Amino acid sequence: ECSSDLVTGHWGPFISDSEIIVNTLAKFVGKGVEKQVTDEEILRWRKWSRQQLVKYLVLNLNDSLFNAWMSYDYIDQFDTIPTFNKYFLKIMGAPVMYLVAKLMTAPALKRQGLLNDGDNIRDRLLGSVNKFTDEALSNKASDSKPRSFHGGDKPDLADLDVYGVLQSIRGHVIYDDIYTSTEIKPWLDRMDTATGKTPYIVVHPDKLHKVGK
């Protein structure tokens, strides 16, 4: 079902919400995937990826105007974007995202009880990531080694949602920090293999000691 206020084109409504897109496509993939859309445990971690992980990332990426500017460095790799446009995006985008982080994201986390004044935002992010590995990948059936994926032997929608959020900053120093400072590396490596990506190599080893200072 589509909301009446959606923008509609020649082929139907335009959908930009990733959750709606995944839920819609799941109906066409097969019954196994469609059932995951309503699975409470899967919903828990999909919700966590959108309401907690994303916000902690936004806060860490844009904790200063300089870091917000640096977060736009990824556009330099696209030759199709004119140089002027790149500078424009950085000059306009960085201050906006800095303000979003300070005036919207941080207050939202505080209302959820997920951030307090004086908290180290890096510690909050890394702690949240470790919560995923400790709880979502734990083998509840026994005390043996953790599951390869939340879905068991293969990824489910929870794995894909969390992986998708983290891939949005792949190559950033904060991704390197998460990759090297938490327990999530083995899972990320397995997800890379499962999705056909090249194994990840830390991009900014020389900057890791500065992260969080």
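**Group meeting: salt bridges and a helix crossing**

Okay, let's start with a lysine: Lys110 counts as partly exposed, at 39% relative accessibility. Its side chain meets that of Asp117 in a salt bridge, 2.6 Å from N to O. And Asp117? That one is exposed, with a relative accessible area of 67%. Bear in mind that this is a predicted model.

Another one is Asp119 with Arg124, where the closest N and O atoms are 2.9 Å apart. Asp119 is partly exposed at 27% relative accessibility, and Arg124 is partly exposed too, at 25%.

Lys185 is partly exposed at 36%, and Asp189 is partly exposed at 24%. There's also a network: Glu41, Arg44 and Glu135 are joined by salt bridges that share partners.

Staying with α9, residues 185-194: its axis comes within 11 Å of the axis of α7, residues 157-167, and the two cross at roughly 95°. That makes α7 roughly perpendicular to α9. By class, their contact has 7 nonpolar, 1 polar and 2 charged residues. On the α7 side you'll find, among them, Leu160, Val162 and Tyr163, and on the α9 side Trp187, Leu188 and Met191 are included.

Of its 213 residues, 35% count as buried. The chain exposes about 13,100 Å², and carbon and sulfur atoms supply 58% of that.

How values were computed
Residues numbered from 1 in each chain as written. Predicted model: local features only at pLDDT ≥ 70, side-chain atom pairs only at ≥ 80, totals over all residues. Heavy atoms only, no water. Buried < 20%, exposed > 50% of the residue type's maximum accessible area, 1.4 Å probe, protein only. Areas by Shrake-Rupley, 256 points an atom, 1.4 Å probe, with all protein chains shown as cover. Axes fitted to C-alpha atoms, helices over the stretch in contact; angles between N-to-C directions. Helix = DSSP H or I, 4+ residues; strand = E, 2+ residues; numbered from the N terminus. Parallel < 35°, antiparallel > 145°, perpendicular 65-115°, else oblique. Contact = heavy atoms within 4.5 Å. Nonpolar A, V, L, I, M, F, W, Y, C, P; charged D, E, K, R; others polar. Salt bridge = Lys/Arg side-chain N within 4 Å of Asp/Glu carboxyl O.
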